[in-house]
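Work through the exercises below with the model open. Each task is followed by a stepwise solution.

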Amino acid sequence: MRKTVGENGLVVGVDISISMLRYARRIAKKYQNVVLIRANASSLPLKDSYFDGVFHVGGINTFKMQVLAIREMFRVARMGAKIVIIDEGLDPKLRNTKRGQKLLKQNALYSSLPPVDEIKKYSDYLRVEWGILLNKWLAFWPYYLSRSEKNPRSLGHAS
Ligand SMILES: C[S@@+](CC[C@H](N)C(=O)[O-])C[C@H]1O[C@@H](n2cnc3c(N)ncnc32)[C@H](O)[C@@H]1O
């Protein structure tokens, strides 16, 4: 994120957990323009239409207030901003294969789907990609990546 915004941009990282923020702080402390805040994703203490991009990874599948979290992501984004959401999910095309069945048994979250209906309330551009990463523990991590864009459709919803 810091590389993307450069020296003059600002990165604001959000998590509700103090221990997760402490962990992130160890990585972020060398940058002046990376700010970490403790907040609930369903009610962000951040201005409307402020950010050029919103990047969320690894939480939305388990959020009870998924609808509110997505509304907040779009609220804080400026018009035209990119909203990228990544979380666990196995490509539906692979779910009935032998390998797919094995993965689905390993982790119930792999059956998650991207929250497309919710995103479509705020964006008429939406692309979903599916992939499988090999993580540092050499385990497979199937994921979805959704790219959307805040556009005028958002006006009716995000206030
Ligand atoms: C699987 S971890 C992913 C952490 C980090 N985004 C990453 O990719 O390494 C899920 C994170 O969601 C955070 N979380 C859960 N509920 C939240 C909420 N309501 N608001 C903000 N963060 C939340 C947890 O504290 C946890 O750090």
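## Exercise 1: The ligand shell

The model is predicted. The shell around the ligand holds five nonpolar residues, five polar ones and one charged.

**Solution.** 
1. List the shell: D15, I16, S17, M20, N40, A41, S42, V57, G58, G59 and F63.
2. Domain 1 spans 1–38, and domain 2 spans 45–156.
3. Compare. Both domains give residues to the shell, so the ligand lies between them.

## Exercise 2: Placing S111

**Task.** Is S111 buried or exposed, or partly exposed?

**Solution.** 
1. Locate S111 in the loop between α4 (98–106) and α5 (116–120).
2. Count C-beta neighbours inside 10 Å. There are 15, so S111 is partly exposed.
3. Check contacts. Setting aside residues up to four places away in sequence, S111 touches L90 and L104.
4. Take A39 as a reference point. S111 is 72 residues from A39 in sequence, and their C-alpha atoms are 28 Å apart.

## Exercise 3: The largest nonpolar core

**Task.** Which element gives the largest share of this core?

**Solution.** 
1. Start with the core's 14 residues; V54, M73, F74, A77 and I83 touch the most other members.
2. Find the elements that give two or more residues: β3 (51–57), α3 (66–76) and β4 (77–88).
3. Pick out α3, whose five residues are the largest share.
4. Beyond its neighbours within four places in sequence, A77 contacts S49, F51, V54, I83 and K150.

Key
Residues are numbered from 1 along each chain as its sequence is written. This is a predicted model: local features need pLDDT of at least 70, side-chain atom pairs count only at pLDDT 80 or more; totals for chains, interfaces and linings use all residues. A residue is near a molecule or strand if its C-beta atom, placed from the backbone, lies within 6 Å of it. Ala, Val, Leu, Ile, Met, Phe, Trp, Tyr, Cys and Pro count as nonpolar, Asp, Glu, Lys and Arg as charged, and the others, Gly among them, as polar. Domain bounds come from an automatic or database domain assignment. Helices (H or I, at least four residues) and strands (E, at least two) are DSSP runs, numbered from the N terminus. A residue is buried if 20 or more other C-beta atoms lie within 10 Å of its own, exposed if 12 or fewer, and partly exposed in between; C-beta atoms are placed from the backbone. Two residues are in contact if their C-beta atoms, placed from the backbone, lie within 7 Å. A nonpolar core is a set of buried Ala, Val, Leu, Ile, Met, Phe, Trp, Tyr and Cys residues joined through C-beta atoms within 7 Å.
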